[in-house]
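Here is a short tour of one protein chain. Keep the sequence and the 3D view open as you read.

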Amino acid sequence: MTSASDRRTPLKVVIAKPGLDGHDRGAKIVARALRDSGMEVVYTGIYQTPESILRAVVQEDADVLGLSSLSGAHLEYAEELCELLRENGRDDVLFVVGGTVPPEDTETLKGFGVHEVFGPGTPTARLVEYISQHARRVRLT
């Protein structure tokens, strides 16, 4: 259940680009849409390691982690990040993945602990709505 103070504090979202994936136009569009909806957004930039992404989540006390992947390495990075979040007591972070994720990988990602997967062409309004409804109400499985 969300407390009254949670409703007054903007959601804090970390948007991250892992590994050698240098294509960040989509991540920047998502970051702007979330910011425009009233969320506080931290964009880590490209070429991040799972450890640097975790550091950003912890330092920023983020409510949400959005991982953008266009390189095909989403399974490896998401699995490692789910483990790092659990190990560091941040299983309260809503973890979403977006990018070019084959539909057959969605259930695998959710099995790791990712809460939702958003593919190419997802309307930003749908992402904003999902995050608004589910952040601060989760635990990684």
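## Ground rules

Helices (H or I, at least four residues) and strands (E, at least two) are DSSP runs, numbered from the N terminus. This is a predicted model, in which local features need pLDDT of at least 70, side-chain atom pairs count only at pLDDT 80 or more, and totals for chains, interfaces and linings use all residues. Residues are numbered from 1 along each chain as its sequence is written, and side-chain values use heavy atoms, with hydrogens and water left out.

## Confidence

The score pLDDT is the predictor's confidence in each residue, from 0 to 100. Its mean over the chain is 92. Of the residues, 93% reach 70 or more. Residues 1-5 stay under 50. For this stretch the model has two contacts beyond four places in sequence, where contact means heavy atoms within 4.5 Å. Where pLDDT is low, the predicted coordinates should not be read in detail.

## Helix α2

Helix α2 covers residues 25-36. Its twelve residues, at 1.5 Å each, should span 16 Å. (The expected span is 1.5 Å times one less than the number of residues.) The end C-alpha atoms are 16 Å apart, which agrees.

Which residues of α2 are buried? They are A27, A31, A33 and L34. Buried means under 20% relative accessible area, exposed over 50%, and partly exposed in between (1.4 Å probe, protein chains only). Seen down the helix axis, the buried residues of α2 fall within an arc of 165°, so they line one face. That arc is taken from the directions from the helix axis to the C-beta atoms. The face turned away from the buried side carries the exposed residues R25, R32 and D36. The buried residues pack against β1 (12-16), β2 (40-43), β3 (64-69) and α6. Just after α2, G38 takes a positive phi of about 105°.

## A closer look at A33

A33 sits in helix α2. At 19% relative accessibility, A33 counts as buried. Not counting residues up to four places away in sequence, A33 touches T124 and V128. A33 and A125 are 92 residues apart in sequence. In space, their C-alpha atoms are 7.9 Å apart.

## Helix α3

Helix α3 runs over residues 50-60. Its buried residues are P50, S52, I53, L54, A56 and V57. What covers them includes β1, β3 and α4 (74-87). Just after α3 comes D61, with a positive phi of about 50°.

## Salt bridges

How many salt bridges does a search of the whole structure find? The search finds nine. A salt bridge is a side-chain nitrogen of Lys or Arg within 4 Å of a carboxyl oxygen of Asp or Glu. One of them joins E40 and K12, at 3.2 Å from N to O. E40 lies in strand β2 and K12 in strand β1, so the pair ties together parts that are 28 residues apart in sequence. Another salt bridge joins E60 and K12, at 3.3 Å from N to O. E60 lies in helix α3 and K12 in strand β1, so this pair ties together parts 48 residues apart in sequence.

K12 is buried, with a relative accessible area of 16%. E40 is partly exposed at 39% relative accessibility, and E60 is partly exposed at 27%. D92 and R90 also form a salt bridge, with their closest N and O atoms 2.9 Å apart. D92 counts as partly exposed at 30% relative accessibility. R90 is buried, with a relative accessible area of 9%. Salt bridges that share partners join K12, E40 and E60 into one network.

## The aromatic pair

A pair of aromatic rings is described by the distance of the centres and the angle of the planes. The structure holds one aromatic pair. F118 and Y130 form it, and the pair is edge-to-face. The centres are 5.6 Å apart, with 70° between the planes. (Rings of Phe, Tyr and Trp, the last by its six-membered ring, pair if their centres lie within 6.5 Å; planes under 30 degrees apart count as stacked, over 60 as edge-to-face and the rest as tilted.)

The pair links distant parts of the chain. F118 lies in strand β5 (residues 116-118), and Y130 lies in helix α6 (residues 124-134), twelve residues apart. F118 is buried, and Y130 is buried too.
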